[in-house]
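Hi there,

Here is the structure we talked about, with the sequence alongside.

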Amino acid sequence: MAVQRAERAAHEPGESPERVLKEARRRRTFAVISHPDAGKSTLTEALALHAHVIAEAGATHGKAGRRTTVSDWLHMEQERGISISSAALQFTYRDTVFTLVDTPGHADFSEDTYRVLAAVDCAVMLIDAAKGLESQTLKLFDVCRRRGLPVITVINKWDRPGKDALELMDEVQERTGRLPVPLTWPVGLSGDFRGTVDPRGGSYTRYRRVAAGASAAEAEVFRADEAAALEGPAWTEAVDTAALVAESNGDLDVEAFLAARSTPVLFAAAALNFGVATLLDVLVELAPPAGPRRDGDGRLRPVEAPFSGFVFKLQAGMDRAHRDHVAFLRVCSGVFHRGMVLTHAATGKPFATKYAHHVFGRDRETVETAYPGDVVGLVNASALRAGDSVYVGLPVVFPPIPHFSPEHFQVARAVDAGRAKQFRRGIAQLEHEGVIQVLRSDARGDQAPVLAAVGPMQFEVVADRMEREFGAQVRLETLPYTLARRVLGPDPEVLNRIPGVEVLRRTGGEAVAAFTDRWKLGRVATHAPDLVLEPIGGAVD
Ligand code: G4P
């Protein structure tokens, strides 16, 4: 009965395969990623502003001094001025439907960022012109490489004194393995950002500051001869260096960009809105539209197939009054209609979608229809987990989203033994949402699970939410481990005999060994030669 209803919904009048294909081609689903402080929040605001989503910049993100902004719904975020939770902002520009999926600003939540990168088709990497490539920049480039994700590189804060543009190009090429191909080149050194030259057309886009960066920057376009008269030596210098780079790196090869072998580069000052409109144009012209997705068996599911999608993120407690769970779903194929009944691939059970929202910060808008590339927030979706697939009709299971390799380990215990039930329920819920990895062993027992995190701030989120949402205060004790491996083989527990190694299990039974240091890894070969250790999530740690 439920499936019949869902089948009907998938084939409503006006939703022909051609229509789905057309809508998918208009979609650009992307994330802005960067090392903290490179300007991700500022650029998000600027992009939204250009698309006229918000009236005034400064209304989207939660940073110190901007605390009443819309994305900081968690108590901890408000207190610390950081952004933990992700959501998606949808806007239309040049008849293109953009979905900008928000990522957490702090490196401690990179597992969340990793999940978001599974749900987008392109990433915009921001680099601070003064700092160049930083630790998190490199990690993120590596994740994009492993996902085969195309990256558009934006050198930000060119209005501030920083590195030399050529030096930055060398850094990108040497440290990311992608060939940088500038689509704009700055006129004026860093700290004296006058505008940009188009290395192919030779035209000059001159920027002018407007009040407090709160509206689109003024940009005027001049011919090369006019630019030379206006800017003198700064123009000549820009044209000469742009030609030098063009000679060595060539024109942008779109195929190489889509195959993650090259990266188009733009110069910008997000705080002044310089270069922001150009970025939107480049996204329209170069970023891949929503396309067919591979399932777990490597088969492509075309966008015009019946509805399918996967959950890339769960969020609870966004609306304190209702204690709701929102599952963020990336639509992969077909059309989503609110009210349709989906099949949850993991359990085979039907899932009703009465409450479906676009969620960005505290703003929610009911979604009636969504197409491939769109992100839908399903409310009261407590049965769904990150990585779960849902579909209508033709079954599909998309590849699971791998865990990030944990580097921090703490044992959690309930402060009040009388709250053991709340404690267990809370830990299970936070594990389910993917807030933290939970590992257990018979020796430690259920009342003392080991929490494994990518960054220590994840423990603070756990402690905070356990107390507030589940009424179970926790005591956390640090363990000396710094890395973990999945263990494959007949009897992983033999590793417990090696000092500095402990074998734990995930819910579901997968064995994970935690090591105090990487030297211990080498000892496994001697002590248990028939066991295989695998990096978690293919990550290089
Ligand atoms: P993040 O989300 O990547 O962590 O960075 P965010 O946008 O919060 O920017 C970090 C700081 O860099 C902010 O300054 C922001 O104003 C500044 N910034 C961003 N883009 C530019 C730019 O193009 N040029 C210049 N000069 N500064 C830029 P802050 O002092 O930390 O905060 P605020 O008080 O300015 O908001």
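**Around the ligand**

An N or O atom in the side chain of Lys 157 sits 3.0 Å from an oxygen atom of the ligand. Before I go on, please keep in mind that this is a predicted model: local features need pLDDT of at least 70, side-chain atom pairs count only at pLDDT 80 or more, and totals for chains, interfaces and linings use all residues. Residues are numbered from 1 along each chain as its sequence is written, and side-chain values use heavy atoms, with hydrogens and water left out.

Two further polar contacts (pairs of N or O atoms within 3.5 Å; within protein, one must be able to donate a hydrogen and the other to accept it, and residues adjacent in sequence count only if both atoms are side-chain atoms) are worth a look. Asp 37 uses a backbone N or O atom, 2.7 Å from an oxygen atom of the ligand, while Arg 160 places a polar side-chain atom 3.1 Å from a nitrogen atom of the ligand. On its own the ligand has 700 Å² of accessible area, of which the protein covers 73% (Shrake-Rupley method with a 1.4 Å probe; for residues, only the protein chains shown count as cover).

Helices (H or I, at least four residues) and strands (E, at least two) are DSSP runs, numbered from the N terminus.

Seven strands form an open sheet with mixed pairing, in the order β2-β3-β1-β4-β5-β11-β6; two strands pair if DSSP finds at least two bridges between them. At its edges are β2 (88–93) and β6 (179–182), each pairing on one side only. Inside this sheet, β1 (residues 27–34) and β4 (residues 122–128) are parallel partners over five bridges, and Val 32 stands opposite Val 124 in β4. Helix α5 (residues 110–119) lies across β1, β3 (96–101) and β4, at about 155 degrees to β1. Axes here are lines fitted to C-alpha atoms, for helices over the stretch in contact, and angles run from 0 to 180 degrees between N-to-C directions.

The other sheet is open too, with four antiparallel strands in the order β29-β30-β28-β31. Its edge strands are β29 (501–505) and β31 (532–535). Five bridges join β29 to β30 (residues 511–515), and Leu 504 has Val 512 in β30 as its bridge partner.

Where is Gly 291? You will find Gly 291 in the loop between α11 and β12 (293–294). Leaving aside neighbours within four places in sequence, Gly 291 is in contact with Val 303 and Cys 332, contact meaning heavy atoms within 4.5 Å. The C-alpha atoms of Gly 291 and Leu 21 are 8.8 Å apart, although 270 residues separate the two along the chain.

Best wishes
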